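Here is a friendly note to read with the model open beside you. Take the points one at a time and find each part on screen as you go.

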Amino acid sequence: MKVAVASGKGGTGKTTIATNLVRYMAEMTDKALYVDCDVEEPNGHLFLKPEIRRERDVSVLVPEIDGNLCTGCGECKKICAYNAITIILDKALVFPELCHSCGGCQLVCPEEAIEEKPRRIGVIMEGDSGNIKFISGKLDVGEASATPLVREVKKAIPDFLDAVIDAPPGTSCPVIETVRDTDYVLLVTEPTPFGLNDLRIAVETVRQLYLPFGVIINRADSGNSGVNDYCLDEEIPVLAEIPDDRKAAELYSQGKLLYRELPYFREQLEVIYSGIIKQIEEYDRESFKEVK
Ligand code: SF4
Ligand code: SF4
């Protein structure tokens with residue numbers, strides 16, 4: 001079972017839910033996996049405190065122009081959908097940070113002046129935190145696209161472990177890359193107009209991917225009823241409503257997991273975990289019916 005924890009915006013408590021949930025799952029199943037796909041700002045390690053055992057660079061292929069062969073014909077510039085090539089003084093010039101490694105320019109170059117060379121974009125770290133296996137990506141500063149690194153992080157996920165995957169905030173390409181191929185998406189939000197707006201967009205995105213999903217309302221007693229009303233209207237399960245708690249904020253600021261110290265939080269995790277399993281089972285049954 002692979003559960004992605006996502007949120008339409010940052011600061012909703014997504015990583016708090018993800019790290020506590022994985023610790024709870026590891027208790028239930030003996031071993032679980034935490035994957036930090038929030039590669040621009042990974043912070044799951046602050047709470048799980050893993051021992052990192054392996055670190056490897058991740059690279060993408062970007063074109064390199066042979067100035068002696070390039071005639072400046074502009075075919076490569078024409079095909080590049082990402083404006084990663086321009087022609088200056090009759091020679092092609094590549095902006096590697098904008099390149100999406102599609103390989104198109106190399107294919108169209110009539111002079112065979114383009115070679116692909118690896119360029120590092122970040123690292124993947126793997127380790128352990130007790131009975132939790134830990135995988136995290138970290139994008140290099142200045143990199144424009146997180147998606148290739150997220151893709152590589154996901155390739156490192158073994159099939160045999162139940163996993164909690166911490167998604168980047170928002171609904172952009174790295175988020176889609178994170179949540180696709182998962183079994184369930186947990187959307188963490190807060191009961192404010194901004195929270196509701198971003199939740200709506202996140203729900204539309206997850207629905208496009210045909211994944212079962214549910215909502216957790218964090219700091220539930222601090223805003224208005226807009227998120228609850230929306231979930232009711234849209235028949236979206238609200239798995240938990242977590243109160244705004246000063247003690248929780250203190251534990252968070254100290255990098256501590258909440259569920260060991262706050263009994264009500266542990267109870268919420270039990271409800272969330274069983275709710276996810278129930279929804280996945282029901283979803284599988286419904287999909288089976290449709291196939292039949
Ligand atoms: S397609 Fe090849 S020859 Fe033409 S501008 Fe690009 S690199 Fe130079
Ligand atoms: S590999 Fe694709 S994205 Fe990169 S410069 Fe060439 S055409 Fe553009």
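1. The C-alpha centres of domain 1 and domain 2 lie 39 Å apart. Domain 1 covers 2-58 + 122-291, while domain 2 covers 67-112; these bounds come from an automatic or database domain assignment. Five residues of domain 1 are in contact with four residues of domain 2, contact meaning that the C-beta atoms of two residues, placed from the backbone, lie within 7 Å. On the domain 1 side, the touching residues are two nonpolar, two polar and one charged. Here Ala, Val, Leu, Ile, Met, Phe, Trp, Tyr, Cys and Pro count as nonpolar, Asp, Glu, Lys and Arg as charged, and the others, Gly among them, as polar.

2. Please keep in mind that this is a predicted model, in which local features need pLDDT of at least 70, side-chain atom pairs count only at pLDDT 80 or more, and totals for chains, interfaces and linings use all residues. Residues are numbered from 1 along each chain as its sequence is written, chains are lettered from A and ligands numbered from 1 in the order in which they are written.

3. Now the whole chain. The C-alpha trace spans about 70 × 45 × 40 Å along its principal axes.

4. Which strands stand at the edges of the sheet? The open sheet has nine strands in the order E3-E6-E7-E2-E8-E1-E9-E10-E11, with mixed pairing; two strands pair if DSSP finds at least two bridges between them. Strand E3 (51-65) and strand E11 (238-242) are at the edges, each with a single partner strand, so one side of each has no neighbour in the sheet.

5. Look next at one end of that sheet. Strand E10 (residues 213-218) and E11 run parallel, joined by four bridges. Isoleucine 217 has glutamate 241 in E11 as its bridge partner.

Key: Helices (H or I, at least four residues) and strands (E, at least two) are DSSP runs, numbered from the N terminus.
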